[in-house]
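Q: I would like to learn how to read a structure like this one, feature by feature. Where do we begin?

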Amino acid sequence: MLHEHIHPGVMRRLNVGDAEAFAEHLLRLDPVSRQMRFEGALSDDTIRKYALGAFNRPGVHLGYVENGMIRAAGELVPEVRKDFSWPAEAEAAFSVEKHLQEGRIGTRLAERIIGYARVSGIRRIVLNCLPQNVRMQRIAAHFGGELRYLEGEYQGIIELGAPNLATCLRAGLHEGFDLVDRALNFAETMRPAPR
Ligand SMILES: CC(C)(COP(=O)(O)OP(=O)(O)OC[C@H]1O[C@@H](n2cnc3c(N)ncnc32)[C@H](O)[C@@H]1OP(=O)(O)O)[C@@H](O)C(=O)NCCC(=O)NCCS
């Protein structure tokens, strides 16, 4: 059963300064979620290396952050083209810690990631997931994705239209909120401690 929650955390873009916290988030995934996220049983070491290197690779990382801890993330990794031309396709992946699953955070992350992709000129998003990953398949379907079965996994293909005024405005507003949120968090850390 789906539980609708009002979440106290914020969604914001992650950057290289979040690499350690991103690694901690991925390492906190329970074994089943880890298996679903990486489609295999990866060691802690491999996951840490993957997370710490994530911000040196092209892409967008979005985090759901509660009390300074990244509790969920969405990643958008564009295809690398040999001729260095602008990518038309990107792969998206999501991770929500177990206690927050089925509370719509995955769907909200997907909406934001799709928004970033569209305004960046990406025309197709690919979501890879295991056959038993019903939630991820529902997310793909929710955003108009076409599901196909390919060598033991499902691929959700979401074709994106060209950006329009509304999609650009929405993406811009999200960026603006991110900035305000960062400024407020920074101000909070500068406040003198109570005596
Ligand atoms: C897959 C994942 C990202 C989904 O995020 P979530 O916040 O848990 O899911 P949501 O609450 O947004 O629900 C997504 C969809 O699944 C449906 N759903 C939720 N729980 C369900 C359940 N127990 N059975 C069937 N459908 C379910 C929701 O109704 C929603 O579909 P809808 O839009 O058609 O209503 C998250 O569960 C997760 O991180 N899992 C582990 C890692 C993983 O699988 N990553 C994806 C591979 S890249």
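Q: Which residues of helix 5 are buried?

A: They are M136, I139 and A140. Seen down the axis of helix 5, these buried residues fall within an arc of 100 degrees, so they line one face of the helix.

Q: How many residues surround the ligand, and which are the closest?

A: The shell holds 23 residues, and the closest are M36, Q101, G106, T107 and R138. Helix 5 gives the largest share of the shell, six residues. Helix 2 (31-38), strand 4 (89-96), helix 4 and helix 5 each supply at least two residues of it.

Q: Now the strands. How should I read side chains along a strand?

A: In a regular strand the side chains alternate between the two faces of the sheet. As for burial in this model, five of the seven residues of strand 2 (residues 60-66) are buried, so strand 2 is largely enclosed by the rest of the structure.

Q: Which way does strand 1 run against strand 2, parallel or antiparallel?

A: Strand 1 (residues 10-13) and strand 2 run antiparallel, joined by four bridges.

Q: How many bridges pair strand 2 with strand 3?

A: Seven bridges pair strand 2 with strand 3 (residues 69-78), again in the antiparallel sense. E66 stands opposite M69 in strand 3. The hairpin of strand 2 and strand 3 has two residues between the strands, and N67 in this hairpin takes a positive phi near 50 degrees.

Q: Where is confidence lowest, and where is it highest?

A: Where pLDDT is low, the predicted coordinates should not be read in detail. The protein chain averages a pLDDT of 88, and 88% of the residues score at least 70. Confidence is lowest in helix 6 (residues 165-190), with a mean of 68, and highest in helix 1 (residues 19-28), at 98.

Definitions and conventions. Residues numbered from 1 in each chain as written. Predicted model: local features only at pLDDT ≥ 70, side-chain atom pairs only at ≥ 80, totals over all residues. Buried ≥ 20, exposed ≤ 12 C-beta atoms within 10 Å, placed from the backbone. Pairing = 2+ DSSP bridges. Arc of directions from axis to C-beta. pLDDT = per-residue confidence, 0-100. Near = placed C-beta within 6 Å.
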